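Let's take a friendly walk through this structure. Have the sequence and the 3D view ready as you read.

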Amino acid sequence: VFSDESGDHPAGTYLRNPPGSAHAPFSRAGCLLFVKLRQFAPDDTARLCIDTGDASLWSPGDSPGLSILMLHSHGTERTLLLRSAPHTWYDTHSHPGGEELLVLDGVLHDDLGRYARHT
């Protein structure tokens, strides 16, 4: 559990604090946390707290075996979670502005390599 002045946030919570905000994070028992700093546009002021374990928030993806949880969108940037069943095949696609991935669990294979958990 990750905590701050707004409360306790269990595993799987997506927290987003906008540019210029401040908070006092802590964890009583410890937690694994992924943090990105200073990557948002200055005019993107949304604060979010999303329980990614809430099945009602997920939508079917474009291919069988995929499900998507849109977390945030601003301008041309989108932040989402993609859940993939084992051995799911993705159609060839491109990301003109680039793509950044974090593998939370399992292994992702593509034409450039193999990406294990937490890479």
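The report below covers the strands, the core, one histidine and the rings.

## Ground rules

This is a predicted model, in which local features need pLDDT of at least 70 and side-chain atom pairs count only at pLDDT 80 or more, while totals for chains, interfaces and linings use all residues. Residues are numbered from 1 along each chain as its sequence is written, and side-chain values use heavy atoms, with hydrogens and water left out.

## Strands and their partners

Strand names follow DSSP runs of at least two residues (helices, H or I, need at least four), numbered from the N terminus. Two strands pair if DSSP finds at least two bridges between them. Strands E5, E6 and E7 form an open three-stranded sheet in the order E5-E6-E7, with antiparallel pairing. Because E5 (59-60) and E7 (77-84) are at the edges with a single partner strand each, one side of each has no neighbour in the sheet. Eight bridges link E6 and E7, and Met70 has Leu80 in E7 as its bridge partner.

Elsewhere, E3 (residues 13-16) runs antiparallel to E4 and is joined to it by four bridges. Look for Leu15 opposite Cys49 of E4. In E4 (residues 48-51), Leu48 and Ile50 form the covered face, whereas Cys49 and Asp51 form the uncovered one.

## The nonpolar core

A nonpolar core here is a set of buried Ala, Val, Leu, Ile, Met, Phe, Trp, Tyr and Cys residues joined through side-chain atoms within 4.5 Å. Buried means under 20% relative accessible area, exposed over 50%, and partly exposed in between (1.4 Å probe, protein chains only). The largest such core has seven residues: Tyr14, Leu48, Ile50, Trp58, Leu69, Leu71 and Leu81. E4 and E6 are the elements that give two or more residues to this core. In soluble globular proteins, nonpolar side chains tend to be buried together.

## A buried histidine

Is His72 buried or exposed? His72 counts as buried because its relative accessibility is 12%. This residue belongs to strand E6 (residues 66-74). The side chains of His72 and Asp44 make a polar contact of 3.0 Å (N or O atoms within 3.5 Å; within protein, one able to donate a hydrogen and the other to accept it, with sequence-adjacent residues counting only if both atoms are side-chain atoms).

Beyond four places in sequence, the contacts of His72 (heavy atoms within 4.5 Å) include Arg16, Leu48 and Glu77.

## Charges over rings

Two arginines are worth a look. Arg16 lies over the face of Phe40, 3.6 Å from the ring centre, and the charged end of Arg83 sits over the ring of Trp58 at 4.0 Å from its centre. The criterion is NZ of Lys or CZ of Arg within 6 Å of the ring centre and within 35 degrees of the ring normal.
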